[in-house]
Amino acid sequence: MTFTCTHNDCGHRSTHEFAKKSYEKGVVIVQCPECKARHLIADHLGWFKEVTDGGKLKTVEDLVREKGEKVTKGRVNMDGDIEYAP
Ligand SMILES: [Zn+2]
């Protein structure tokens with residue numbers, strides 16, 4: 001995924017890779033390489049209940065939707081092609 005860091009107006013864009021399985025079943029946290037802030041991307045195990053509204057919000061897609069922000073979903077395959085789904 002590529003994301004823009006929102007910590008203290010950092011605004012740094014970075015790309016991170018993680019297993020689909022972790023995103024769908026586990027916990028994913030990425031660190032901004034610029035300001036070192038950590039961002040919760042997925043929490044299916046309920047580790048961060050204070051952030052996920054008591055465990056109701058499972059992924060960054062739920063989290064940003066709750067804040068009224070936007071996520072664009074896509075996929076990059078081995079050839080570097082990019083695929084977007086609505
Ligand atoms: Zn940052």
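Q: Why does Glu-61 count as buried?
A: In this predicted model, the relative accessibility of Glu-61 is 15%. Buried means under 20%, so Glu-61 counts as buried at that value.

Q: What does Glu-61 contact, leaving aside its neighbours within four places in sequence?
A: Glu-61, which lies in helix α2, is in contact with Tyr-23, Val-71 and Lys-73. A contact requires heavy atoms within 4.5 Å.

Q: What makes the link between the side chains of Glu-61 and Tyr-23 a polar contact?
A: The two side chains are joined at 2.4 Å. The cut-off for such a pair of N or O atoms is 3.5 Å, and one atom must be able to donate a hydrogen while the other accepts it. The pair of Glu-61 and Tyr-23 is therefore listed as a polar contact.

Q: Why does Leu-40 count as buried?
A: Leu-40 has a relative accessibility of 16%. The limit is under 20%, so Leu-40 counts as buried. Its place is in strand β4. Leaving aside neighbours within four places in sequence, Leu-40 is in contact with Val-28, Ile-29, Phe-48, Val-51, Thr-52, Val-60 and Leu-63.

Q: Is Cys-5 buried or exposed?
A: Cys-5 has a relative accessible area of 2%. That falls under the 20% limit, so Cys-5 is buried.

Q: Why is Cys-10 called partly exposed?
A: The relative accessible area of Cys-10 is 25%. Partly exposed covers values between buried, under 20%, and exposed, over 50%, so Cys-10 belongs there.

Q: What makes the meeting of Glu-24 and Lys-20 a salt bridge?
A: Their side chains meet at 3.9 Å, N to O. Side chains of opposite charge can pair when their charged atoms come close. Both residues lie in helix α1 (residues 20-25), 4 residues apart, about one turn of the helix. Lys-20 is exposed at 62%, whereas Glu-24 is partly exposed at 42%.

Q: How many salt bridges does the structure hold?
A: The structure holds 3. One of them joins Lys-56 and Asp-53 at 3.3 Å, N to O. Another is formed by Asp-62 with Arg-65, the closest N and O atoms being 3.4 Å apart. Asp-62 and Arg-65 both lie in helix α2 (residues 60-67), 3 residues apart.

Q: Why does Arg-65 count as exposed?
A: Arg-65 has a relative accessibility of 57%. Exposed means over 50%, so Arg-65 passes the limit. Lys-56 is exposed too, at 60%. Asp-53, at 37%, counts as partly exposed.

Q: What does the side chain of Lys-58 reach?
A: The side chain of Lys-58 reaches the backbone oxygen of Gly-55 at 3.0 Å. Lys-58 has its place in the loop between β4 (38-43) and α2, and at 35% relative accessibility counts as partly exposed. Not counting residues up to four places away in sequence, Lys-58 touches Ile-41, Ala-42, Asp-43 and His-44.

Q: Where is confidence lowest in the protein chain?
A: Confidence is lowest in strand β6 (residues 82-85), at a mean of 57, and highest in strand β3 (residues 27-31), at 93. Where pLDDT is low, the predicted coordinates should not be read in detail. The protein chain averages a pLDDT of 86.

Conventions: Residues are numbered from 1 along each chain as its sequence is written. This is a predicted model: local features need pLDDT of at least 70, side-chain atom pairs count only at pLDDT 80 or more; totals for chains, interfaces and linings use all residues. Side-chain values use heavy atoms; hydrogens and water are left out. Buried means under 20% relative accessible area, exposed over 50%, partly exposed in between (1.4 Å probe, protein chains only). A salt bridge is a side-chain nitrogen of Lys or Arg within 4 Å of a carboxyl oxygen of Asp or Glu. Helices (H or I, at least four residues) and strands (E, at least two) are DSSP runs, numbered from the N terminus. pLDDT is the predictor's confidence in each residue, from 0 to 100.
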